[in-house]
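Me: I am new to this structure and would like to learn how to read it, one feature after another. Could we begin with strands and how they pair?

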Amino acid sequence: MHPKNTASESLFLQLVFPSPIREPLEVQMTNFQELKALCLHHNLFPLVYTRVEKYGRLFSPEKAVNDFLEESKGLYLKGVALSAQQEAVENEIVNLLTQRQIPSVVIKGNRLANEIYDDPNCRTSSDIDILIRRQDAVMADSILREHGYIAEADIPLIYCLARIHHAIYFHPQNSLLVEMHWGFGVPYFFRLDATEIWREVSIPDMGEAKLSPEMLMCMLLIHHHAHSFRELKILVDIIWTMGKYEDVIDWHSFFRGIRKAGLIRTTHITLKQMRSVWGTAIDQVKAAGILEQEIGTAGSRIPSLLLSYFRMNIDKDRENNLYKDKLVARFALDHWSTILLSYFRTLFPMPEAIRELYRDRRTWSLPFNYLRFIRWRVKEWVKG
């Protein structure tokens with residue numbers, strides 16, 4: 001691992017890396033205490049716990065390992081209980097949609113954990129993510145409302161359809177958030193529409209619908225961009241997915257796909273972050289090497305200032321500026337025309353979105369409501 005890291009950080013990064021642990025490890029109880037703090041900060045505790053449990057025989061002294069597992073078992077089981085609760089809600093919603101002939105796919109969360117980590121309990125999520133077709137969004141919204149779900153902040157669905165890629169709901173009987181997705185990211189950021197996504201969904205007669213490995217990778221890359229490249233947890237998802245599908249995905253062909261989708265800069269930043277965090281250990285991931293080579297051949301260039309801004313920092317004390325990060329992340333889009341359009345569309349959404357947001361369909365008041373909207377957005381950016 002990267003030589004600059006402390007012993008606890010190196011242990012943490014080794015445990016969240018997809019390669020098996022083969023060499024004996026000398027640890028101290030203080031290492032495990034610091035390890036736990038890092039895990040909780042990056043929402044990677046379940047993965048680390050399962051990896052320590054799996055490779056515990058290689059750790060010494062044995063007492064330090066056993067103490068860590070025993071003291072942390074309650075926290076791990078709490079995550080397992082949350083995962084089970086989310087799975088029950090996922091199944092309920094998918095069944096409700098299926099009854100109305102609406103196909104859906106559970107993405108992220110425990111389904112993603114089962115897919116790429118082979119363990120549904122080694123990854124937790126703060127919400128439930130379900131992919132539907134864009135044309136089914138209105139019907140899905142109606143079904144959820146019929147069954148007691150409430151739209152977060154009561155934001156109109158038409159506004160969400162025009163501006164973003166999902167709508168958020170919650171049920172008063174539990175604290176779980178449900179995100180209904182019709183896309184992976186802001187619609188005008190990447191050239192990957194709902195039709196292309198659903199072309200890569202397999203819906204078997206029996207079993208769960210799922211994304212193809214290639215589309216799963218695209219989803220994670222877009223998700224990383226959506227979180228302004230700040231989430232180590234997403235970076236870990238990406239590197240495990242690369243390892244999982246190393247010999248399944250044609251990575252040269254995949255590169256052509258992400259180039260068409262406008263994901264070259266996003267992929268470039270992601271790979272640079274991997275190098276920064278794990279150093280030469282990344283050479284063990286064949287897919288990363290192929291993509292680095294393809295990016296070099298394509299002549300992709302990213303300003304060093306942008307790479308520096310999004311350098312992954314695992315220091316738990318680092319503070320991020322949410323709105324500034326999101327605005328700077330626009331420069332990670334592949335084309336200047338897309339970057340400029342993204343800023344314009346942020347301030348000037350489609351008229352129908354403004355009408356729905358302010359529940360005002362009077363033509364004469366539209367300019368006034370645009371000014372209200374722009375003032376709100378700018379105020380958020382400044383405050384953020």
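Reply: Two strands are said to pair if DSSP finds at least two bridges between them. Please keep in mind that this is a predicted model.

Me: What is the order of the strands in the open sheet, and what is the pairing?

Reply: In general, strands of a sheet pair through backbone hydrogen bonds, in either the parallel or the antiparallel sense. Here five strands make up an open sheet whose order is β3-β4-β7-β6-β5, and the pairing is mixed. The parallel sense is found between strand β4 (residues 127-132) and strand β7 (residues 177-181), which are joined over five bridges, and within that pair D129 has E179 of β7 as its bridge partner. The antiparallel sense is found between β6 and β7, again over five bridges, with L177 in β7 as the bridge partner of F170; a hairpin of six residues leads from β6 to β7.

Me: Which strands stand at the edges of the sheet?

Reply: The edge strands are β3 (104-107) and β5 (150-151), and because each has a single partner strand, one side of each is left without a neighbour in the sheet.

Me: How should I read a salt bridge, and how many are there by this rule?

Reply: The idea is that a side-chain nitrogen of Lys or Arg lies within 4 Å of a carboxyl oxygen of Asp or Glu, and by this rule the count comes to 19 salt bridges. One of them joins R145 and D141, with 2.9 Å between the closest N and O atoms. These two residues are four apart in helix α6 (residues 137-146), and therefore about one helical turn separates them. D141 is buried, at a relative accessible area of 11%, whereas R145, at 37%, counts as partly exposed.

Me: Which salt bridge links distant parts of the chain?

Reply: Consider D247 and K286, whose side chains meet in a salt bridge at 2.7 Å, N to O. This pair links distant parts of the chain, since D247 lies in the loop between α10 (232-244) and α11 (251-261), while K286 belongs to helix α13 (residues 286-298), 39 residues apart. D247 is exposed, with a relative accessible area of 63%, and K286 is partly exposed, with 40%.

Me: Which residues do salt bridges with shared partners join into one network?

Reply: Begin with E352, which forms a salt bridge with R355, the closest N and O atoms being 3.9 Å apart; the two are three residues apart in helix α17 (residues 351-357), so about one helical turn lies between them. Salt bridges that share partners then join E352, R355, E356 and R361 into one network.

Me: Which residues have the most contacts inside the largest nonpolar core?

Reply: The largest nonpolar core has 86 residues, and those with the most contacts inside it are F12, F184, M242 and W278. Leaving aside residues up to four places away in sequence, F184 touches several others, among them I107, L131, H165 and M215. There is also a second, separate core of 25 residues, including L96 and W182.

Me: Which residues form a nonpolar patch on the surface?

Reply: F331, W336 and L340 form such a patch, with about 350 Å² of accessible area together. L340 sits in helix α16 (residues 336-347) and counts as exposed because its relative accessibility is 56%.

Key: Residues are numbered from 1 along each chain as its sequence is written. This is a predicted model: local features need pLDDT of at least 70, side-chain atom pairs count only at pLDDT 80 or more; totals for chains, interfaces and linings use all residues. Side-chain values use heavy atoms; hydrogens and water are left out. Patches are made of residues with over 30% relative accessible area and no salt bridge: like charges are joined within 9 Å, nonpolar side chains (Val, Leu, Ile, Met, Phe, Trp, Tyr) within 5 Å. Accessible areas come from the Shrake-Rupley method with a 1.4 Å probe; for residues, only the protein chains shown count as cover. Buried means under 20% relative accessible area, exposed over 50%, partly exposed in between (1.4 Å probe, protein chains only). A nonpolar core is a set of buried Ala, Val, Leu, Ile, Met, Phe, Trp, Tyr and Cys residues joined through side-chain atoms within 4.5 Å. Contact means heavy atoms within 4.5 Å.
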